[in-house]
Amino acid sequence: MSSSPAEKSELLQGTLDMLILKALQREPMHGFGLSARLRTMSLGVFQVEMGSIYPALCRLEARGWVKADWKTSENNRRARFHALTPAGRKQLIEEKSRWDVLSGTINLMLDHPA
Amino acid sequence: MRCLFGRSRREAALREEIDQHLGMMIEENEAAGLSRDDARGAAFREFGGVEQIKEAHRDEWTFAGWEQLRKDFQFALRSLRKNPGFTVATVLILSLGIGANITVFGWMRQLLFDPIPGASDVADLVAVENFADAGDAAGPPLTTSYLDFADYRDHLRMLDVAAMGQGAFAVGGAKDTGRVWCELVSGNFFTLLGVRPAAGRFFSPAEQTDAQNAHPVAVISQDYCRTHFPNAASALEATLWINHEPFSIIGIAPPEFNGTQTPMAFQVWLPLSMYGQVTHTGTWMLRDRGTRNFRLLARLKAGATIAQARSETLALGQFMARRNGEDRGVGATVVPLWQWAFGPSELLLKPMSILMAGCGVLLLIVGANVVNLQLVRALGRQREFGVRLALGSSRWRLARLVLVESLTLALTGSALGLLIAFWLRGALAWLLPAVAMPAMVPAPFSPAVLGFAVLLAVVVAIAAGLTPAWHATRSNLNRTLKHGGRSGGSGASQGMRSVMVMAEMALAVVALAGAGIFLESFRAARAMPTGFSPEGQVLAEFNLATAAYNREQAEAFCQRLAEALEKNPGVTSVSYADTLPLGFRNGNWEEIQIEGYQARPGENMKIFRNLVGPGYFATMRIPFVDGRDFDLKDDARSGAVMIVSQEFVRRFLSQGIALGRRVHGWGRWFTIVGVVGDIKIHRVTENPIPFFYIPIRQEYRPEYGLTFHVRAEAPVDNVIATVRREAAAIDPAIVMFDAQSMSEYIAGSLYGERIAATMLGVLGGVGLLLAAVGLYSVMAYSVAQRTAEIGLRSALGARPVDLLLLVLRQGMRLAGIGLIAGSLIAVGLARLIAGMTETAHPLDPIALLATALLAALLALAAILVPAWRAIRVSPIVALRSE
């Protein structure tokens with residue numbers, strides 16, 4: 001289904017929201033910046049589809065974790081900047097700790113001597 | 001709604017955001033050295049499908065229910081369009097039921113909540129009523145005198161009070177004089193009601209004083225203006241002649257305003273202070289506390305409750321009863337408008353309630369019918385449902401689809417029903433007696449009516465959709481697909497449809513039998529002995545005040561007209577009186593004392609009476625029990641005489657003989673010279689009440705009514721023409737108001753029963769027809785389902801008559817059970833109604849039998865069509881169809 005290059009990888013399902021929250025943790029960002037940042041954060045491994053980012057942003061906005069405002073971008077474009085809300089920060093912490101437990105456990109199991 | 005707006009706003013924002021994003025990508029690509037076109041192409045490729053993003057976005061944002069519902073409605077519309085026969089039939093049936101209900105609801109709502117269209121803040125309007133205080137219990141309600149009104153108006157702190165009287169006067173210019181119902185109203189009337197003039201003005205402060213006969217001004221109705229003047233401006237310059245007195249037209253009432261006695265539509269409003277002038281009675285009537293001619297309407301002042309106002313009025317009434325001799329034994333109270341004895345509800349509330357109940361039954365039948373149609377349709381769709389389930393549709397979604405379809409149908413039916421109601425709202429006019437001018441034309445699409453229509457639609461949709469929806473969820477995937485959806489019709493669904501048909505049949509019988517009960521009570525009321533013989537009598541009503549007659553002129557006119565009429569061939573006898581029994585009017589009474597009879601404290605001695613001319617009893621055929629008739633010698637100069645009824649004798653003169661005893665009234669003593677049989681005064685259903693007669697020549701006032709009774713063998717129209725001709729020959733200024741046969745007149749007094757009977761008859765008929773349609777649809781479906789079986793039977797040698805019987809037996813069993821159940825309910829209902837009305841008897845078995853027979857015949861006809869189809873099934877075709 002995917003024709004993306006071999007070195008790129010699909011995101012694990014269900015992690016995009018968490019990663020977006022993480023990407024927005026430092027500063028508010030517009031969609032374009034967000035997609036670039038997600039790419040750099042993953043050192044170019046994860047290819048994030050635009051078709052996923054925007055619905056995800058909407059989802060986060062609808063849940064009150066992210067809110068968006070029209071501002072002027074660094075190169076004088078009108079852009080919609082998405083920022084974490086306090087609830088969003090809390091959510092990030094929660095998801096992070098849940099992920100830590102999950103990934104730690106999975107790693108543990110995978111590293112378990114056969 | 002907000003949700004939808006929100007959606008489009010959000011979508012616009014998203015579109016812009018995506019555009020900006022694309023712009024940034026293009027810029028970046030250009031910076032990397034691509035040409036503008038390549039930069040664009042790359043950006044779009046990388047970005048992916050914009051529409052998909054929007055779609056996904058929509059799923060995130062929109063309240064899922066709305067979106068789903070919209071889709072469901074679209075789907076319902078599509079699938080209904082595919083099945084036009086079913087859709088049209090269902091919508092028509094629904095619109096019939098809902099339309100009837102909306103119509104009656106509109107009337108009912110107006111009666112209860114908006115009885116005076118055009119008035120503002122109706123919730124604060126109440127009525128002040130006097131009543132004959134019979135000591136422990138409140139007696140019949142009474143109207144009020146002008147002086148009493150002034151006292152209430154000036155002394156009640158909780159209420160603003162207005163007074164109204166009414167009369168049919170000769171109104172017009174020189175030529176087009178006609179009989180017009182006028183309402184005489186106290187100066188504060190329009191202000192109190194909060195009515196605003198459509199043109200001109202209402203009474204000025206100067207015109208609102210109690211000064212009598214000082215302000216000859218008139219307000220006319222929009223309707224009168226339209227029919228008598230080219231435009232409002234010319235009406236406002238015109239002079240209106242009322243009973244030969246000139247009045248300036250100062251204003252035109254708004255079109256919806258008809259005065260305070262719906263369904264009567266008044267055409268002209270005059271200051272009540274002009275009463276004497278317009279009736280040619282001088283000024284005494286408004287200065288006489290005994291002249292109780294007026295109704296009182298009031299508005300609660302800010303902060304006052306009806307209970308407070310009632311206790312204040314009660315206290316003032318008690319004070320007045322102690323202070324004024326004329327008010328002795330008279331109480332006062334405050335009632336809401338719908339309980340007002342002299343208001344609109346009095347006339348119509350009861351027949352309307354009965355109608356509302358009838359409409360409810362009709363709606364039930366309609367509902368059952370729609371359930372049936374939907375069940376049949378659901379059966380035809382079993383395969384479709386099966387496939388949907390197989391493709392992963394949830395059962396809940398299927399049920400929802402059916403419900404939404406049901407709602408779509410009901411809403412469409414409701415919309416059409418509103419149209420029907422729009423046409424029907426004036427229908428009450430056909431049912432009201434000619435005496436009243438129908439004004440019951442409720443506002444067609446008031447918020448309440450619209451709300452009711454939607455509510456009905458939703459209730460019907462849910463009630464009628466629930467069963468089919470439930471059946472849809474129970475579609476058995478395996479079975480329907482295996483059977484190819486052909487021989488569907490699970491036992492449960494079949495049973496449900498049978499129950500629906502039986503219920504419809506039963507309800508139709510109940511509705512028809514109900515109509516029968518009211519028709520019967522109407523007939524019985526008409527057939528009740530009245531104590532006189534209305535047949536062969538023609539009534540011609542005059543009001544001599546319209547010609548500004550004095551008493552001697554009035555007397556001369558009556559005598560001359562009577563003599564002239566008696567000379568006409570075919571006329572057997574002629575007489576005249578001031579009061580008609582069994583009409584709309586309250587009747588006239590006089591407070592009397594009886595020699596040798598000690599009235600109990602608080603006993604109501606206001607006894608109804610009639611002023612009659614010579615030959616009255618012979619013309620009316622009221623039998624004499626004792627004594628003599630009045631004759632021409634009993635006039636103003638001779639001794640005052642009186643004839644009393646048998647009930648009068650029984651109540652007051654049981655000791656000794658009645659003849660020769662004396663009765664005091666009108667400030668003098670009358671001697672009883674005769675005793676006559678009892679007659680019905682107010683209603684044919686009443687028990688005998690004491691009544692007395694005195695010679696019209698001894699106590700007549702021209703402002704009283706005057707009715708000529710002409711007993712003749714000629715056709716009614718000829719007699720009326722004769723009376724009109726003879727009256728005009730004596731004095732062309734005399735206006736003859738109503739003229740009709742007395743039988744017709746009495747029928748008018750029963751119009752409550754008549755409305756109920758007529759309308760219920762119509763509703764019952766429609767209900768029965770719908771039940772037959774339901775039966776037909778079930779039988780037609782059943783025959784279609786059994787085509788193969790029937791074909792097989794006929795291939796194996798069954799004769800057509802066997803097949804006919806097969807189908808008939810099935811259908812008639814359903815109809816029969818429904819008929820029997822309906823008849824049983826009807827009998828129970830009849831008992832209930834018998835307790836409520838005066839004339840209804842428990843159900844007449846013959847009427848019930850006739851109803852059941854009619855229903856059975858219609859059922860038979862509904863079954864015969866499919867049965868006929870069954871026997872014509874060719875075995876080859878039938879077997880191949882499987």
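The part in question is helix H1 of chain A: how does helix H1 (residues 16–23) pack against helix H3 (residues 50–62), and which residues of H1(A) are buried?

A: Chain A has a mean pLDDT of 81, with 87% of its residues at 70 or more. Among its elements, the mean pLDDT is lowest for H3(A), at 81, and highest for H4(A), at 90. Residues 1–6 of chain A fall below 50, and this stretch makes 2 contacts in the model beyond near neighbours in sequence. Where pLDDT is low, predicted coordinates should not be read in detail.

Chain A is built from 4 helices and 2 strands. Read from the N terminus, the order of its elements is α-α-α-β-β-α. Of the 114 residues in chain A, 28% are buried. Among contacts in chain A with a separation of 6 or more, 50% join residues 24 or more positions apart.

Now to the helix itself. A packed pair of helices is described by the angle between the axes and the distance between them. For H1(A) and H3(A), the angle is about 80° and the axes are 10 Å apart. An angle from 65 to 115 degrees counts as roughly perpendicular, and H1(A) and H3(A) are therefore roughly perpendicular to each other. On the H1(A) side the contact is made by Leu16(A), Asp17(A) and Ile20(A). On the H3(A) side it is made by Ser52(A), Ala56(A), Leu57(A), Arg59(A) and Leu60(A). By class, the residues of this contact are 5 nonpolar, 1 polar and 2 charged.

The buried residues of H1(A) are Leu16(A), Leu19(A), Ile20(A), Leu21(A) and Ala23(A). An α-helix has 3.6 residues a turn, so residues three or four places apart point the same way. The cover over the buried residues of H1(A) includes helix H2 (31–41), H3, strand E2 (78–84) and helix H4 (86–111) of chain A. Leu16(A) and Ile20(A) are among the buried residues, and both also take part in the contact with H3(A).

Chain B has 29 helices and 23 strands, and 46% of its 882 residues count as buried. Residues 24 or more positions apart account for 82% of the chain B contacts with a separation of 6 or more.

Pro468(B) sits in helix H16 (residues 447–473). Pro468(B) counts as buried because 26 C-beta neighbours lie inside 10 Å. Leaving out residues up to four places away in sequence, Pro468(B) touches Val371(B), Gln374(B), Leu375(B), Ala378(B) and Val402(B). One of these, Gln374(B), is 94 residues away from Pro468(B) in sequence, with a C-alpha to C-alpha separation of 6.2 Å. Glu46(B) belongs to helix H2 (residues 36–47) of chain B. With 14 other C-beta atoms within 10 Å, Glu46(B) is partly exposed. The C-alpha atom of Glu46(B) is 9.0 Å from that of Met25(B), which is 21 residues away along the chain.

Strands of chain B can be covered on both faces or on one. Strand E9 (residues 268–271) has Val268(B) and Leu270(B) on one side and Trp269(B) and Pro271(B) on the other, all buried. Strand E4 (residues 178–185) runs parallel to E9(B) over 4 bridges, with Leu184(B) paired to Leu270(B). Strand E6 (residues 217–220) runs antiparallel to E9(B) over 2 bridges, and Ile220(B) is opposite Val268(B).

Strand E19 (residues 662–665) of chain B has Val663(B) and Gly665(B) on a covered face and Arg662(B) and His664(B) on an uncovered one. Strand E15 (residues 593–594) pairs with E19(B) in the antiparallel sense over 2 bridges, where Gln593(B) is opposite His664(B). E19(B) is also joined by 4 bridges to strand E20 (residues 668–676), again antiparallel, and Thr671(B) is the bridge partner of Arg662(B). The hairpin of E19(B) and E20(B) has 2 residues between the strands, and Trp666(B) takes a positive phi near 50° there.

Notes
Residues are numbered from 1 along each chain as its sequence is written. Chains are lettered from A and ligands numbered from 1 in the order in which they are written. This is a predicted model: local features need pLDDT of at least 70, side-chain atom pairs count only at pLDDT 80 or more; totals for chains, interfaces and linings use all residues. Axes are lines fitted to C-alpha atoms, for helices over the stretch in contact, and angles run from 0 to 180 degrees between N-to-C directions. Angles under 35 degrees count as roughly parallel, over 145 as roughly antiparallel, 65 to 115 as roughly perpendicular and the rest as oblique. Two residues are in contact if their C-beta atoms, placed from the backbone, lie within 7 Å. Ala, Val, Leu, Ile, Met, Phe, Trp, Tyr, Cys and Pro count as nonpolar, Asp, Glu, Lys and Arg as charged, and the others, Gly among them, as polar. A residue is buried if 20 or more other C-beta atoms lie within 10 Å of its own, exposed if 12 or fewer, and partly exposed in between; C-beta atoms are placed from the backbone. Two strands pair if DSSP finds at least two bridges between them. pLDDT is the predictor's confidence in each residue, from 0 to 100.
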